[in-house]
Amino acid sequence: MTPSTFSPALPGPSLRTGGPRGRQALESWVRDMRVLAQPDRIVWIDGSEAERQRITDEMVRAGSLIPLDPELRPGSHLARSDPDDVARVEDRTFICAEREADAGPTNNWRDPAAMREELGARFAGAMRGRTMYVVPFSMGPLGGAISQLGVQVTDSPYVVLSTRIMTRMGAAALAAIGPDTEWVPAAHTVGMPLVADDGAALPDVPWPSNAVKIIAHFPETREIWSYGSGYGGNALLAKKCFALRIASVMAREEGWLAEHMLLLRLTSPAGRTHHIAAAFPSACGKTNFAMLTPSRPGWKVETIGDDIAWLRPGEDGRLWAINPEAGFFGVAPGTGETTNPTAMATMRSNTIFTNVALTPEGDVWWEGRTPEPPAELTDWRGLPWTPASGRPAAHPNARFTSPADQCPTISSDWDTLDGVPIDAIVFGGRRASNVPLVSEAADWTDGVFMGATIASEQTAAAEGPVGELRFDPFAMLPFCGYDMADHWAHWLEIGGRLGRHAPRVFRVNWFRKDDEGRYVWPGFGDNIRVLDWIVRRLEHEVGAAVSPIGLLPRRHDLDLAGLDLSDAAVRTMLTLDPRGWRSEARRIEQHFGRFDGNLPAPLARRLRKLQHDLADYA
Ligand code: OXD
Ligand code: MN
């Protein structure tokens, strides 16, 4: 049998778009999955507290969750993954569009029929000896204007408990699937059955997974299939697989946007309120930005989302955004009382920690949590650790999974049905050189150009060479479910629809370094100084210098009071280095060259203008 009830009967390429609809289709899919994966039992997840307790107890008994001290970290647990299953596997992530061109040059494409065959073989018997959980969930508040429903089947109780935090999961989501309601099917197995083909029992381990991993998306039929990993975006299929890769395809067809963006509400000392959506590549401080504690008096930041935004033109002509998630799956290392006290308070209780270190008192620790490490720890692999061990105590991609409503700065509007109207869009990356602290796009097309040309030094959030600079357009490189150049065209079209109501667009870089390799900008709470300039731009209260790469603040435009910044540092952050930018423009030309004839003409024109303006810029 093939691993889908929906597609094998498809008559040919591209004849069908849209996922399954209704309860009957759900029941027959679950039946088919049972026949294929052969679990011992099926549990329909209702999302109740009693269910959470039962699954947690089972995992603790199995050694898959370690309870933390009930006083220090109430209701919280530690999971340790297999050392080979610690991050998203981008090279094993596939977009199986009917036509290869529809996946575009930045995605791994696989022929859908061939992939179905491979998945069919891999999933066959993969859940033997295990429980198959059926997990209905809603992305966005139930009944919201662009909320979507999904159902994940999984043999990982860790995924069930994490999905309970990250989405609106359970009976209410199931009840929302009416006779004709579309829902996204997401099939997941860790790929480690407990019964061999010959019937012999196989041993279980605390973190089951498989050396072979496949994360496959079928955009036409809106299906997700994930095999072999239990970690993060590979396994919590509601997140990157659904809310970004599949949702970006839906959004393109239906005229909205699914983006890798945080959302926040900012109130200025004058009491004016603005909403900001900001795209940064993975592990570039989106959670810190979404929970920013302003270093300047009078400002208030309220958190709406830290990772994903769904945006749509509203009836008033403006762009409205929701956070489709219900929790935070944040990077732990680097998070501490000084850098992000709000995140620390959010994860005070009811949190699943993964791959962090354990203290002798039963609390958690990671690099950056406190200035000095404790004298003794158990590291993320379960081995004794001291500061002399010479290796990190927590994995660099260790995570906390906490409910959004535990965040002290959560906005009262974070889960409203319509979301919030966006005033400004911010693009950022981790750039040691070239990209200034902040600049504003001259217009929407220039803003799309900024988004399309984000480059960033790679982090531990994905497997691959950490530190290497790569283009990560719209911070969506690993997450766009269709051709990236079509994504840019879609943005240009949405801008055309928004017209004068379109948000203004900015680019920021907190990560600029000086010649000695030291960060120039203090970042964190001081990023409010950049937001201050952005807000005063929105309010037409401050000027800017025109440059080939956008509108730049002059030194006196920024509130730098009380910062210990040398003149050279300020110059580095605020001025354009023409030589550096001429080579940046050459890199952009190569980057755009990957998209052949599909590059939208306005972006090609924008690049030519950049090259022209830089040619005689002294
Ligand atoms: C994430 C990521 O987990 O981007 O948010 O990797
Ligand atoms: Mn992310």
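Beyond its neighbours within four places in sequence, aspartate 379 is in contact (heavy atoms within 4.5 Å) with Arg80, Val356, Ala357, Trp385, Arg391 and Ala393. This is a predicted model, in which local features need pLDDT of at least 70 and side-chain atom pairs count only at pLDDT 80 or more, while totals for chains, interfaces and linings use all residues. Residues are numbered from 1 along each chain as its sequence is written, chains are lettered from A and ligands numbered from 1 in the order in which they are written, and side-chain values use heavy atoms, without hydrogens and water.

Aspartate 379 sits in the loop between strand E22 (377-378) and strand E23 (384-385). Strands (E, at least two residues) and helices (H or I, at least four) are DSSP runs numbered from the N terminus. With a relative accessible area of 0%, aspartate 379 is buried, a term for values under 20% (1.4 Å probe, protein chains only).

The side chain of aspartate 379 has these two partners:

| Partner of the aspartate 379 side chain | Distance |
|---|---|
| Side chain of arginine 391 | 2.8 Å |

Elsewhere, four strands form an open sheet in the order E12-E16-E17-E25, with antiparallel pairing. Strand E12 (257-259) and strand E25 (420-421) are at the edges with a single partner strand each, so one side of each has no neighbour in the sheet. E12 pairs with strand E16 (residues 309-313) over three bridges; pairing requires at least two bridges found by DSSP. Glutamate 259 lies opposite alanine 309 in E16.

Conventions: Buried means under 20% relative accessible area, exposed over 50%, partly exposed in between (1.4 Å probe, protein chains only). A polar contact is a pair of N or O atoms within 3.5 Å; within protein, one must be able to donate a hydrogen and the other to accept it, and residues adjacent in sequence count only if both atoms are side-chain atoms.
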